[in-house]
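Trainee: I would like to go through this model with you, contact by contact. Where should we begin?

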Amino acid sequence: MKKTSTFQNGLIWFGAGVSLAEILTGTSFAPLGMAKGFAAILIGHVIGCAMMLLAGLIGGRTGRSAMETVKMSFGQKGGLLFAFLNVLQLVGWTAIMIYDGALAVGGIFAIGRWVWCLVIGALIILWIAVGITDLGWINKVTMAALFILTLVLCKVIFFSGNAMPAVDGESLTFGAAVELAVAMPLSWLPLISDYTRDAEKPTQATWVSVIVYGLVSCWMYVIGMGAAIFTGEYDIAVIMVKAGLGIAALVILVFSTVTTTFLDAWSAGISAESLSAKLDGKKTAIVVTVIGTVAAILFPMDDITGFLYLIGSVFAPMIAVQIADHFILKRDRFAVSTDARSLVIWLVGFAAYRLLMGVDTPVGYTLPDMVLTVVLCILAEKVRPTAKA
């Protein structure tokens with residue numbers, strides 16, 4: 001199979017970072033003000049991207065997809081649970097991204113949200129048909145356009161001369177804001193190995209992918225926060241209309257949605273292959289896109305914070321078990337059917353995350369939950385060491 005270069009991986013994750021969903025999530029930080037909001041964004045991304053890096057390194061080291069690496073901790077059948085949950089969350093993300101993109105574009109060119117859902121869905125299917133290793137010039141041209149247009153958007157928001165430094169109310173605590181920043185890189189955690197495993201230099205590609213994504217994602221969050229603080233407007237499409245961006249706004253909104261959602265659908269296909277060897281990844285990715293498009297047309301998806309927290313509660317303890325097993329305990333359960341111990345520890349971690357959501361900590365819920373889960377893994381190994389194969 002054709003390998004991807006480090007530069008190609010960087011482009012892939014630049015496209016993942018330039019996301020309307022991240023800009024919209026960033027608007028939630030406005031009540032904290034720029035200084036506290038930026039601090040929460042930075043802390044959250046450091047935590048989330050560190051987890052994303054470790055997940056990508058496991059895939060890069062072993063040459064396995066994200067969901068195949070999960071089987072190294074939970075066993076063959078145990079890993080199927082997370083592959084299934086990952087496919088579900090990726091179908092959800094595909095629908096949410098298409099919905100957000102169509103809603104935003106519809107605010108500029110009002111020809112019917114369902115029409116834009118179909119247009120975006122069709123472009124995602126085109127991206128899938130071309131394939132991750134053959135996007136080549138398409139990706140380069142698209143990323144260059146998005147980079148230039150997001151710079152224009154920054155100028156419109158931060159240098160328009162219409163600053164509104166005060167935002168009423170403080171509906172978001174600092175800890176909850178940190179968790180919202182953690183949530184986005186954490187949502188990519190069950191995907192990154194799907195791309196690093198096919199890189200010419202997997203370790204280098206993982207570092208570049210995470211750094212590029214982390215920087216761009218922070219940038220998107222800050223754009224969203226700045227839009228709310230400096231313009232008083234939470235709808236990014238309205239800001240673009242007021243700025244007279246027109247066709248440029250269309251390009252930003254459509255292609256940022258396509259380049260991000262393509263990864264969701266593509267990885268859903270790869271995860272599906274972990275569920276059954278009979279499933280073809282590319283065909284499954286197209287089916288996921290079709291389902292996501294239909295769902296985006298039929299159902300409202302305006303508030304995704306609950307969805308983000310659900311992803312955190314499932315995948316934070318999962319990667320914590322993997323980190324403990326791979327990097328600390330050197331434990332590999334890929335050959336066994338099910339590792340009940342790991343599943344029990346994950347379940348404790350899941351419950352702990354949900355309980356921690358009621359506690360406001362300065363670093364959110366993910367980091368304390370992951371530390372707890374790693375400690376449980378180490379203690380369990382000390383009490384009953386795993387028999388060597």
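**Salt bridges and ring pairs**

Mentor: This is a predicted model. The structure holds seven salt bridges, and we can begin with those.

Trainee: How many residues apart in sequence are the parts tied together by Arg331 and Glu381?

Mentor: The side chains of Arg331 and Glu381 meet in a salt bridge at 3.6 Å, N to O. Arg331 lies in the loop between α13 (305-329) and α14 (340-356), while Glu381 lies in helix α15 (residues 366-383), so the parts tied together are 50 residues apart.

Trainee: Is the pair of rings of Phe74 and Phe82 stacked, edge-to-face or tilted?

Mentor: A search of the whole structure finds 13 aromatic pairs. The rings of Phe74 and Phe82 have their centres 4.6 Å apart. Planes under 30 degrees apart count as stacked and over 60 as edge-to-face. The planes of Phe74 and Phe82 are at 45 degrees, so the pair is tilted.

Trainee: What separates Phe262 and Trp266 along helix α11?

Mentor: The rings of Phe262 and Trp266 have their centres 5.6 Å apart, with planes at 45 degrees, so this pair is tilted. Both Phe262 and Trp266 are buried. Being four residues apart in helix α11 (residues 247-275), Phe262 and Trp266 are separated by about one helical turn.

Trainee: How many of the 29 residues of α11 are buried?

Mentor: The end C-alpha atoms of α11 are 42 Å apart, which agrees with the span of 42 Å at 1.5 Å a residue. Leu275 of α11 is partly exposed at 32% relative accessibility. Helix α11 is largely enclosed by the rest of the structure, because its buried residues number 24 of the 29.

Definitions and conventions:
Residues numbered from 1 in each chain as written. Predicted model: local features only at pLDDT ≥ 70, side-chain atom pairs only at ≥ 80, totals over all residues. Heavy atoms only, no water. Phe/Tyr/Trp six-rings, centres within 6.5 Å; stacked < 30°, edge-to-face > 60°. Helix = DSSP H or I, 4+ residues; strand = E, 2+ residues; numbered from the N terminus. Buried < 20%, exposed > 50% of the residue type's maximum accessible area, 1.4 Å probe, protein only. Expected span 1.5 Å × (residues − 1). Salt bridge = Lys/Arg side-chain N within 4 Å of Asp/Glu carboxyl O.
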